[in-house]
Amino acid sequence: MSLLEVKNLKKSFNDNVVLKDISLNVEKGEVLAIIGPSGSGKSTLLRCITDLEQEDSGEINFDGTFGLVFQNFNLFPHHSVMKNITNAPIKVQKRDKTEVFNHARDLLKKMGLEDKEDAYPCELSGGQQQRVSIARALAMNPDILFFDEPTSALDPELTGEILEVIRELAAEHMTMVIVTHEMAFARNVADSIIFMDGGVIVVEGSPEEVFSSDNQRMKDFLGKFYD
Amino acid sequence: MILSTVIEQLLGGMVTSIEIFLLTLLFSLPLGLVVAGGRMSRFSPLRWIAKIYISIMRGTPLMLQLIVVFFGPYYLFGMTLSSDYRFIAVIIAFTINYAAYFAEIYRGGIESINSGQYEAAQVLGYSRLETFFIIILPQVIKVVLPSITNEVITLVKDTSLSFVIAIPEMFTVAKQIAAADASIAALMVAGIFYYLFNILVAFVMERIENRLDYYE
């Protein structure tokens with residue numbers, strides 16, 4: 001059985017149908033990239049899976065904990081980096097403080113931010129803030145990690161450092177679902193790719209299959225990136 | 001009358017003014033949060049009750065509200081209340097009036113918080129109550145502090161309105177002395193007291209604002 005199963009998901013906002021019958025599976029250890037033009041429903045799909053939106057119909061089967069990395073980081077500005085990362089594991093998961101702090105220090109080290117634990121989010125660059133938010137999500141020991149356009153709010157020169165972190169996580173077989181506009185990255189890192197347009201999955205498969213697809217909408221979309 | 005005697009006579013009144021001030025803050029600051037909660041409730045009758053309440057409290061004179069709270073129980077319900085009620089009425093009237101203003105300030109503060117903060121908290125598994133008290137409220141306090149300071153300074157001066165139901169606070173006493181002596185000295189002393197008290201209030205509030213300045 002798959003770690004995450006989405007069956008026949010439908011979602012509308014008033015008269016605007018955003019998701020029309022979406023089904024997908026994510027296996028343990030898989031990295032799935034979701035690509036597609038703006039307004040194609042990618043983010044809404046992620047928000048339904050993570051309970052930030054209520055689907056109109058369909059089924060989402062997932063039993064475990066998940067983390068979500070937002071486009072705008074959404075760090076808590078009044079908490080230090082350390083508190084951002086440790087507060088939920090301690091308060092929500094009721095884990096041992098010492099264990100959580102050690103875990104958080106390991107994660108910060110991995111993110112190259114070991115000297116920033118007492119800093120506040122406003123003192124960090126966008127790339128550093130996003131790395132803290134990834135550490136915050138990982139501190140919950142998620143079974144699956146979702147990314148909602150994690151580099152879209154960053155300057156191009158800061159995008160690389162986030163993609164590098166995600167690449168490392170992929171090498172460690174972290175299960176991830178990544179909504180992204182970074183085509184080259186999706187192609188290199190993902191095990192499978194879903195191309196969405198107009199609220200439906202138009203093409204899905206391995207990166208090779210998707211990027212060499214004959215589908216006209218897919219070709220038009222990719223054309224915009226390579227022109 | 002010599003100045004030291006005037007000050008001595010005003011002293012008791014000062015204590016009463018400070019009591020009104022502190023008790024009003026003690027009750028109205030939390031009550032304002034409750035009213036703001038009602039005003040922003042998803043349950044529309046509650047929302048309307050809070051809206052009408054705020055509208056009346058802000059739309060009618062505080063002096064009139066003091067009179068209504070003090071005399072209302074007798075004229076409306078024929079209740080006779082003990083002499084202690086005079087002071088209680090002042091605290092009730094000030095509290096319900098200031099809670100309305102604070103509620104609107106809180107509401108503005110709460111609405112200024114980005115919805116991403118709620119979403120991040122939800123994804124991390126915080127309950128709604130935890131989200132409010134751990135994530136939202138501390139940020140709201142920082143945002144609303146300058147507006148709260150304004151209201152608190154106004155409250156210092158508004159305590160003088162209690163003269164209308166003959167509470168022996170400083171302004172009431174000062175007026176009595178001024179009438180008896182046919183001299184404005186007592187009122188000037190009272191004025192200086194209000195001013196110094198507000199300088200202290202502004203100083204304290206600025207200290208609090210600075211303490212919350214550790215993040216943007």
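Which helices of chain A do the buried residues of helix 2 of chain A pack against? In this predicted model, the buried residues of helix 2 pack against helix 3 (97-110) and helix 4 (126-138) of chain A.

## Helix 2 of chain A

Helix 2 of chain A spans residues 81-91. Its buried residues are Val81(A), Asn84(A), Ile85(A), Thr86(A), Asn87(A), Ala88(A) and Pro89(A).

## Crossing of helix 2 and helix 4

The axes of helix 2 and helix 4 of chain A come within 8 Å and cross at roughly 20°. Because angles under 35 degrees count as roughly parallel, these two helices of chain A are classed as roughly parallel to each other. Their crossing is right-handed.

On the helix 2 side, the contact is made by Val81(A), Asn84(A) and Ile85(A), which meet Val132(A), Ala135(A) and Arg136(A) in helix 4 of chain A. By class, this contact has four nonpolar, one polar and one charged residues.

## Interface between chains A and B

In the contact between the two chains, 15 residues of chain A touch 16 residues of chain B. The chain A side of this contact divides into 10 nonpolar, four polar and one charged residues.

## Val143 of chain B

Val143(B) belongs to helix 6 of chain B, which covers residues 128-158. Val143(B) counts as partly exposed because it has 18 C-beta neighbours inside 10 Å, whereas a buried residue needs 20 or more.

Leaving aside neighbours within four places in sequence, Val143(B) is in contact with Gly109(B) and Ser112(B). Ser160(B) is 17 residues from Val143(B) in sequence, and their C-alpha atoms are 29 Å apart in space.

How values were computed:
Residues are numbered from 1 along each chain as its sequence is written. Chains are lettered from A and ligands numbered from 1 in the order in which they are written. This is a predicted model: local features need pLDDT of at least 70, side-chain atom pairs count only at pLDDT 80 or more; totals for chains, interfaces and linings use all residues. A residue is buried if 20 or more other C-beta atoms lie within 10 Å of its own, exposed if 12 or fewer, and partly exposed in between; C-beta atoms are placed from the backbone. Helices (H or I, at least four residues) and strands (E, at least two) are DSSP runs, numbered from the N terminus. Two residues are in contact if their C-beta atoms, placed from the backbone, lie within 7 Å. Ala, Val, Leu, Ile, Met, Phe, Trp, Tyr, Cys and Pro count as nonpolar, Asp, Glu, Lys and Arg as charged, and the others, Gly among them, as polar. Axes are lines fitted to C-alpha atoms, for helices over the stretch in contact, and angles run from 0 to 180 degrees between N-to-C directions. Angles under 35 degrees count as roughly parallel, over 145 as roughly antiparallel, 65 to 115 as roughly perpendicular and the rest as oblique. A crossing is left-handed if the near helix is turned anticlockwise from the far one by less than a right angle, and right-handed if clockwise.
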